Each structure stands twice: as C-alpha cells, then as structure tokens.
Amino acid sequence: MSETLLEVTNLRTRYKTDDGNIFPVDDISFRVKKGQTLGIVGESGCGKSQTALSIMRLIQKPGEIVSGDVQFKGESLLKKTEDEMRDILGNQMAMIFQEPMTSLNPVYTIGDQIEESIRLHQKGLTNLQIKNKAIDMLKLVGIPAADKRYHEYPHQLSGGMRQRVMIAMAMSCTPQLLIADEPTTALDVTIQAQILDLMRKVQKEFQAGMILITHDLGVVAEMCQDVIVMYAGKIVEYGTVEDIFYRPKHPYTKGLLDSIPHFETGSRMKQLNTIPGLVPSLYNLPVGCRFQERCKFAQEDCRRAEPNLENLRGIHKVACYHPVQSEGGN
Amino acid sequence: MSSETPLLKVENVVKHFPIHGGLFSRQVASVKAVSDISFELKRGETLGLVGESGCGKSTLGRCLIRLIEPTSGKIIFKGEDITHVDDNRMRDLRRKMQIIFQDPYASLNPRMTIGAILEEPLIIHNLYPVEKERAERVQELIKLVGLRPEHLSRYPHEFSGGQRQRVGIARALAVNPEIIICDEPVSALDVSIQAQVINLLMELQQKLGLTYIFIAHDLKVVEHVSTKVAVMYLGQIVEFAEADELYKNPLHPYTKALLSAIPIPDPKPRPERIILTGDVPSPIAPPPGCYFNPRCPMASVECTQIKPELEEKSPGHFARCIKVPATI
C-alpha cells in the first residue's frame with residue numbers, strides 16, 4: 001500500500017471564551033495517504049474547517065490545540081517552531097480556500113501573488129525563472145492567455161478563474177498535501193465541474209494527498225476515496241466512500257444521504273426525508289451522544305454516555321450504539 | 001390546477017440596465033439582463049427557473065412583481081395587464097404576489113421582533129384592523145410554518161438560518177397571496193435544513209393552493225418542487241418543458257451540460273461527462289448568433305450567424321437551438 005502522508009491522532013482544539021470552553025475539534029483521528037483524497041463532510045459548525053486549520057497550526061487565539069498529535073511525513077507538526085512551520089506551509093502543505101474573492105489580495109496582480117510563494121520557498125531562482133514558473137502554473141490550471149493574465153488584478157477575473165489562480169498558487173511549490181476547504185461552493189455547477197476536474201488532474205500529476213472539506217455529498221462521491229462524517233466536533237463515521245454511501249451505519253450519515261433530492265422522475269410532491277431539529281450548540285451539548293435529540297433510534301443508553309468510534313470492517317468505524325441496519329451491500 | 005385562464009402570463013419581457021459614461025453621462029451600453037421572456041403559469045403550478053449566476057433569473061423574478069420595472073413586454077396577472085398600473089393599484093396587487101428572498105440573514109429587520117415583522121404586512125394592507133384579530137392571525141401564521149407562538153417576541157438574531165427562512169415564508173403568507181416568487185429560498189441553508197424548508201413549501205402549496213415561481217441554481221431541488229422548468233442562459237430561456245420531460249429528455253446542449261455537471265452522491269463511476277469550457281460571456285456584449293455558441297460542444301459556423309428562436313421541438317417542449325431537430 002502507499003505510504004501514510006499525514007496522520008492525525010486524538011486531536012483536540014479548545015476555544016476559551018467568556019461563555020465557557022468549547023471543543024470544535026474533539027478527539028479527531030484520521031490518516032491521509034499519498035495520492036489519496038480524504039473527504040470531510042458535515043454541516044456548518046461541525047468543526048470541519050477548524051480541523052483543517054488545526055492541522056496547519058493556524059488556529060488563532062482564543063483557540064489552541066490542547067492534545068493529540070499531527071504527524072506529517074513521520075514528524076510531529078505540533079513540535080515544530082514557527083519558522084519551521086512557515087517553511088512547511090505553502091511549500092509542502094498548501095491550502096485552497098472557499099472564497100476566491102477574499103483570499104486573493106486585491107492590490108497585487110495575480111502574477112505577483114503566485115510569485116510570492118515561489119520566491120519564499122524556492123531560494124536561488126532568478127526573477128525570470130520565477131516569472132516563467134508562475135506563467136507555467138497559470139497554464140497548467142487552464143487559464144487562457146496566461147502571459148497576459150499574469151499582469152491582471154483579481155477583480156478582472158471571474159470566480160472560476162480566480163479559483164484557478166488559487167489552485168495555481170497552492171500548487172506552485174508542488175506540495176505533498178493539499179487542503180481544500182469548500183473549493184467549489186461559491187461556483188456555478190458547470191464551473192464546479194471544470195475545477196473538480198482540474199483538481200483531480202493536478203493531484204494526479206503531483207501525486208499529492210488531499211483533504212477535501214465540503215458539505216456537498218455529490219462532490220465527495222466524485223472526488224474522495226475515504227470519508228469522515230463530522231457532527232458537533234466529533235467524527236461520527238469514518239470509512240471508504242463505498243462504506244459511507246452504500247453501507248452508512250450512523251443515523252446522521254443516513255439522514256444526510258436521504259435528505260438530498262435525487263434525480264428520479266415522479267419524485268415531485270414526495271416528502272424529502274429530513275433530520276428534525278438543529279445542531280446542538282457546542283456550549284450546551286447534551287449528556288451522551290451528541291446526535292440523540294435528532295435521532296429516531298435514540299434509546300436510554302444514548303443519553304447516558306457518549307458512544308466511542310468502534311471498528312467495523314476494514315477502516316469503517318462508527319460512533320453509535322444503535323447503528324443503522326443497511327439494506328444489504330451493493 | 002383546473003382553471004383554464006392562466007394565473008400569470010408573461011409576454012416578451014425585456015430588461016436592459018443602462019450603463020452611463022462619457023462626458024455627459026450618456027448611455028453608452030446596456031446590460032441585457034433579461035431578453036424576450038414569455039411563459040404562462042396556471043394556478044397551483046410551480047415554475048422552476050434555473051441557470052447559473054448572472055443568467056437573469058432573479059431579475060426576471062423581480063420584474064414579474066415590478067420590484068424592477070421591465071424595459072418592455074407585458075405581465076398579465078389574472079387577466080389584468082399590470083405592466084403599467086399605478087403604484088396604488090400595484091400595492092393592492094402585491095397582496096396577491098409575494099416574494100421570499102434568498103438570504104434569511106439580510107431580509108429580516110434586525111430591530112423588529114418576529115411578531116412585528118409578521119404584523120407589518122397586515123397593517124400595510126389593512127387586513128385585520130382589529131388588534132385582537134391581527135394578533136390571532138400572527139399566531140396562526142407562526143404555527144403554520146412550524147414555529148411556536150413564544151418565538152414571536154424574539155428577534156431575528158436569535159434564530160438559525162432555517163428558522164429565519166420559516167419567518168420569511170410566514171411573512172409572505174401573511175396577506176394570503178396567490179403566487180409566491182421564491183428566490184433561491186434554500187441555497188443558504190445546510191442540506192438537512194434545506195429538506196425541512198422544501199417540505200414546508202410543498203405542504204403549504206397543497207394546503208393553500210399556492211402557485212410558485214421557484215428560482216434556484218440547484219437542479220435537483222428544482223426538479224423536486226417544479227411542475228414546469230425554464231432553463232435560462234444569458235437572459236434568455238433556452239429550454240422550457242414539463243419538469244419530468246425536461247430532466248428525462250433534455251434537448252438543449254446547455255441543459256445537457258448542466259445536468260451532466262451535477263455531482264451525484266453515488267461513488268459508482270459515471271458515463272462521460274460534458275465539461276463546458278470557458279465562462280458565461282458578458283451580458284453587455286453577448287456573442288453574435290446563439291448566445292451559447294462559444295461554449296457549445298455542438299456549435300458550428302451557422303451558430304455564430306443565426307439567432308435561434310425558442311421553438312416547440314416536441315409537444316410542450318421548447319428549445320432555443322438550431323441543431324435540435326423538431327419532431328412535430
């Protein structure tokens with residue numbers, strides 16, 4: 001099997017606030033292999049973006065990582081100094097953000113912005129080499145007339161083009177791990193299809209590992225090999241993409257899958273399955289399972305103690321006392 | 001769904017936004033946001049308007065209730081041409097035509113309680129002049145959308161996105177409208193909450209006999225709620241049909257590409273997908289000929305020369321493409 005690139009074990013991130021302590025990342029463990037894509041899904045506020053930021057040690061005060069470990073290529077990132085981290089971020093590990101409008105600097109040309117990371121991380125290149133490399137990256141991500149676009153500012157580009165620039169920036173130092181936080185959420189479907197296709201191509205070319213954070217289960221099904229489902233800061237289910245889509249065990253995973261409208265004729269006026277209620281506040285979590293209030297299978301034991309993530313088959317794990325009996329495999 | 005006369009009839013509606021510039025702020029160009037839209041809608045139907053950002057679907061929705069004045073064309077509501085009626089008459093008509101907005105965070109006044117928000121349309125339209133009856137109506141409304149009467153004294157910030165959208169729906173329902181324009185009502189919500197709001201909208205439609213115009217970019221949601229679907233591209237309707245027919249048998253290459261671009265929540269490998277190249281062109285200077293030709297995988301020379309019309313290709317199924325053969 002291919003080698004492990006990133007291993008996260010029992011990671012916990014705490015925010016100390018006036019209203020009490022909360023743990024948006026609560027005891028998270030997972031692993032990403034070279035060339036593999038891991039999807040993290042969940043609804044807003046479930047801690048998926050906080051998990052990504054914790055891995056890169058970009059958590060800001062009043063937040064801090066309180067326990068656990070993040071091993072990148074066999075070394076603990078939590079033990080690195082600030083300088084060592086700066087060397088890794090943008091170089092061996094890069095991030096693509098959701099909002100291409102706010103994550104590009106409006107007063108620099110896109111050429112300048114791509115060059116910045118090359119200049120920082122690849123010492124000893126001449127200005128011309130840096131410029132050529134930046135233009136090559138723009139070509140790689142499919143920007144037409146790259147040498148002209150190089151001199152343009154972010155506002156002159158469309159949303160899809162900006163997201164391509166973000167990908168070019170992220171890939172410019174050939175990172176081994178790419179973290180993409182809702183990379184296509186702000187884009188239209190036809191542009192989303194272009195960007196996902198590009199990300200797959202670029203990932204294959206560089207054999208990079210990828211963590212893809214999204215709320216769109218369709219995107220997960222298309223891009224990922226392994227999937228984590230998060231709920232209120234915890235992993236509730238972890239498995240291969242087939243495990244999650246064909247043999248979901250956690251009632252939340254099942255609920256999420258059932259609540260998407262499917263393409264089928266005559267589906268009109270059929271009630272969509274919903275998950276009743278709302279995500280609990282992290283300040284006021286129930287005793288026991290965090291999903292109990294919205295779960296139709298909840299029983300006494302769910303209210304007593306929180307279920308642990310139990311191993312099923314292969315890498316498939318679920319945190320539930322009363323897992324869903326799936327209707328046979330596929 | 002029985003009445004024969006359409007509830008809403010739209011004829012050749014056009015909206016161009018002028019762009020001023022130059023020395024004397026003359027009009028130098030215009031954004032052709034909506035061009036030549038026509039359709040009919042019967043009571044109890046739901047028309048889904050789909051398309052990518054900037055295709056003019058929201059502008060069209062707003063033109064229909066004259067929140068934006070159309071440049072030309074006719075809007076006929078229950079047999080009355082409302083395109084040029086005065087403000088007083090329009091205010092009366094808006095009682096019958098309401099809108100639900102996309103952003104449940106921006107569309108509720110943060111300084112008003114939910115009760116006051118729901119009461120306001122009743123006061124404006126002078127519907128329940130007796131205060132006690134008005135209070136009862138507000139209570140009835142909040143229960144209708146699945147919230148509780150004790151929520152009435154709270155402020156919008158105390159609610160989640162899904163709950164706020166319920167308040168937005170209750171506000172639209174307050175005046176007993178006949179048609180509701182839903183402008184991306186669920187796109188700001190999480191999946192599990194989306195399903196709750198969609199179910200609510202459909203339940204209300206059955207209970208109250210409402211007619212919807214449902215504007216969305218999510219084709220799956222549109223398929224689920226609509227009886228008819230219009231696909232828009234650069235201000236034009238490029239395809240129009242009954243919902244089942246359109247999804248089963250898409251004719252226009254743009255509709256085909258849109259359908260094929262949707263990620264399907266099933267990890268099974270899928271047949272080849274149509275990936276469109278390039279972006280939507282600017283509506284200030286649309287390309288010559290068919291607006292879709294620069295991105296169309298089927299385009300040929302005549303597509304850059306002939307402006308296609310919206311033609312009936314098979315019974316009830318319209319498409320704006322010269323490459324699609326008519327079967328009637």
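In this predicted model, the side chains of A:Asp26 and A:Arg12 pair up in a salt bridge, with N to O at 2.8 Å (the term takes a side-chain nitrogen of Lys or Arg within 4 Å of a carboxyl oxygen of Asp or Glu). A:Asp26 sits in strand S2 (residues 20-33) of chain A and A:Arg12 in strand S1 (residues 4-17) of chain A, so the pair ties together parts 14 residues apart in sequence. Helices (H or I, at least four residues) and strands (E, at least two) are DSSP runs, numbered from the N terminus. Over all chains, the salt bridge count comes to 33.

Some bookkeeping on the model: local features need pLDDT of at least 70 and side-chain atom pairs count only at pLDDT 80 or more, while totals for chains, interfaces and linings use all residues. Residues are numbered from 1 along each chain as its sequence is written, chains are lettered from A and ligands numbered from 1 in the order in which they are written, and side-chain values use heavy atoms, with hydrogens and water left out.

Next comes the interface. Chain B puts 46 residues in contact with 46 residues of chain A, contact being heavy atoms within 4.5 Å. Between them the two chains bury about 3900 Å², 58% of it on carbon and sulfur atoms; buried area here is the accessible area (1.4 Å probe) that two parts lose on being put together, summed over both. On the chain B side, B:His224, B:Pro265 and B:Pro267 lose the most area to chain A, together 16% of what that side buries.

The rule finds one salt bridge across the interface of chain B and chain A. B:Arg273 and A:Glu222 meet there through their side chains, at 2.9 Å from N to O. Polar contacts between chain B and chain A number 13 residue pairs, both residues at pLDDT 80 or more (a pair of N or O atoms within 3.5 Å; within protein, one must be able to donate a hydrogen and the other to accept it, and residues adjacent in sequence count only if both atoms are side-chain atoms). Helices H6 (191-208), H7 (219-225), H8 (243-248) and H9 (253-261) of chain B each bring at least two residues to the side that touches chain A. H6(B) gives the most to that side, with 11 residues. By class, the side of chain B that touches chain A splits into 19 nonpolar, 14 polar and 13 charged residues; Ala, Val, Leu, Ile, Met, Phe, Trp, Tyr, Cys and Pro count as nonpolar, Asp, Glu, Lys and Arg as charged, and the others, Gly among them, as polar.
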